[in-house]
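This report describes parts of the structure shown below. Please keep the sequence at hand while reading.

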Amino acid sequence: MNVAVIPARGGSKRLPGKNIRIFNGVPMVARAIRTALEAAMFERIIVSTDDSKISKIARSAGAEVPFIRPRALANDTAGTVPVIAHTIEFLAAQGIKPSKVCCIYPCTP
């Protein structure tokens, strides 16, 4: 199983709300989800977020938001690798072991 993980934290300080900002008519996180869907290579597209607005947009765009990211992984110092590892651990707890995991950043259209 191939899994796309989109790490989309809600607390950007340099550009507040960057992951839900509209870019060419579409929220940034929705663009990342569309790209993953169009690639047609992922069985699951999971958004890891701590933000309810991002969660709502992600679900409406076709991604899963199966958990709210823990506070310890939602601050300025949290790195991408621990965030992706958290998602993999979440899946493993459900008995799911992805063969490949791809990180897709939401703010890179």
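A polar contact is a pair of N or O atoms within 3.5 Å; within protein, one must be able to donate a hydrogen and the other to accept it, and residues adjacent in sequence count only if both atoms are side-chain atoms. Helices (H or I, at least four residues) and strands (E, at least two) are DSSP runs, numbered from the N terminus. The model is predicted: local features need pLDDT of at least 70, side-chain atom pairs count only at pLDDT 80 or more, and totals for chains, interfaces and linings use all residues. Residues are numbered from 1 along each chain as its sequence is written, and side-chain values use heavy atoms, leaving out hydrogens and water.

At the start of helix 2, a side-chain oxygen of aspartate 51 comes within 2.9 Å of the backbone nitrogen of lysine 53. Glycine 62, with a positive phi near 110 degrees, follows this helix.

| Side of helix 2 (residues 52-61) | Residues |
|---|---|
| Buried, under 20% | Ile54, Ser55, Ala58 |
| Turned away from the buried side, exposed, over 50% | Ser52, Lys53, Lys56, Ser60 |

The cover over the buried residues of helix 2 includes helix 1 (28-39) and strand 4 (44-48).

Serine 48 belongs to strand 4 and is buried, at a relative accessible area of 0%. Beyond four places in sequence, its contacts (heavy atoms within 4.5 Å) include Ile6, Phe67 and Val83.

Three strands make an open, parallel sheet in the order 4-1-5, where pairing requires at least two DSSP bridges between two strands. Strand 1 (residues 2-7) and strand 5 are joined by four bridges.

Notes:
Buried < 20%, exposed > 50% of the residue type's maximum accessible area, 1.4 Å probe, protein only.
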